[in-house]
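Please read these points with the model open beside you. They are meant for someone meeting this structure for the first time.

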Amino acid sequence: KGAAILVTNQTFKDFGRYRLFGFLPIPVVVAVVFLVLAHIVLTYTTFGTNVYALGSNEVAAQLSGINVKRHNLILFALVGLMSGLASVLLTSRLGSTRPTIAMGWELAVVTMAVLGGVNILGGSGSMVGVIIAAFLMGLVTFGLSLLNVPGIVMSVIIGAMLIVVISLPIITRRMMQRRRN
């Protein structure tokens with residue numbers, strides 16, 4: 001019924017709040033480990049090359065011998081695993097959860113991905129770009145919250161950033177085509 005569920009297990013709560021070496025939060029350690037792992041897989045393995053090929057053109061990837069169904073299944077399973085891990089870390093850190101805890105975060109996530117160079121249609125992008133964009137988004141939202149900007153206005157600003165980031169390359173490409181013609 002949308003009510004918050006409190007975590008009663010102290011060990012579980014401590015997991016999300018524990019700091020490695022006294023200063024490094026466990027969620028940060030987990031994020032760094034998986035980001036480095038994802039960067040290595042996407043950059044240096046055949047699987048990563050196949051993922052980029054799937055994102056660029058699924059039909060061409062299939063015609064070149066990539067098992068598209070198997071790769072899509074693996075990718076969806078990985079997304080589910082990462083979402084589950086993130087929810088466990090968030091729940092343990094906060095000590096409670098509710099069904100709508102991450103509602104509205106989709107806009108920020110898509111903005112970070114696009115700002116980081118990930119093509120919305122697939123086939124390009126890097127983990128390094130997304131990390132830089134995540135830091136940039138964190139700075140923007142932190143700065144806006146320090147200025148006491150309301151949450152709805154922050155959403156509008158983030159949405160405007162997304163529109164600019166998506167439309168800027170399109171506008172630039174069209175201007176370059178007009179100059180050539």
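The numbered points below go from the whole chain to single residues.

1. Basis. This is a predicted model, where local features need pLDDT of at least 70, side-chain atom pairs count only at pLDDT 80 or more, and totals for chains, interfaces and linings use all residues. Residues are numbered from 1 along each chain as its sequence is written, and side-chain values use heavy atoms, with hydrogens and water left out.

2. Confidence. pLDDT is the predictor's confidence in each residue, from 0 to 100. The chain has a mean pLDDT of 88, and 100% of its residues reach 70 or more. Confidence is highest in helix 5, at 92, and lowest in helix 6, at a mean of 84. Where pLDDT is low, the predicted coordinates should not be read in detail.

3. Overall layout. The chain holds eight helices and four strands. Helices (H or I, at least four residues) and strands (E, at least two) are DSSP runs, numbered from the N terminus. Along the sequence the order is β-α-β-β-α-α-α-α-β-α-α-α. The C-alpha trace spans about 65 × 45 × 40 Å along its principal axes.

4. Surface and burial. The accessible surface of the chain is about 12700 Å², and carbon and sulfur atoms own 70% of that. Accessible areas come from the Shrake-Rupley method with a 1.4 Å probe; for residues, only the protein chains shown count as cover. Of the 181 residues, 18% count as buried. Buried means under 20% relative accessible area, exposed means over 50%, and partly exposed lies in between (1.4 Å probe, protein chains only).

5. Contacts along the chain. Take the contacts between residues at least 6 apart in sequence: 56% of them join residues at least 24 apart. Contact means heavy atoms within 4.5 Å.

6. Ser92. Ser92 counts as buried because its relative accessibility is 0%. Beyond residues up to four places away in sequence, Ser92 touches Phe12, Lys13, Phe15, Gly16 and Arg17.

7. Arg93. This residue is also found in helix 5. Its relative accessible area is 47%, so Arg93 is partly exposed. Arg93 touches Gly16 and Arg17, again leaving out residues up to four places away in sequence. Arg93 and Phe12 are 81 residues apart along the chain, yet their C-alpha atoms are separated by 8.7 Å.

8. His71. Leaving aside neighbours within four places in sequence, His71 is in contact with Phe47, Asn50, Leu54 and Ile66.

9. Leu107. This residue lies in helix 6 (residues 105-115). Leu107 is partly exposed, because its relative accessible area is 30%. Its contacts, apart from neighbours within four places in sequence, are Ser155, Ile158, Gly159 and Leu162. Leu107 and Val156 are 49 residues apart in sequence and 9.9 Å apart in space, C-alpha to C-alpha.

10. Backbone points to check. Which phi value does Phe21 show? Phi of Phe21 is near 60°, a positive value in a residue other than glycine. Phe21 lies in the loop between strand 2 (19-20) and strand 3 (24-25). Its relative accessible area is 67%, so Phe21 is exposed. Asn148 also has a positive phi, of about 60°, although it is not a glycine. Asn148 is placed in the loop between helix 7 (127-146) and helix 8 (151-180). Asn148 counts as exposed because its relative accessibility is 66%.
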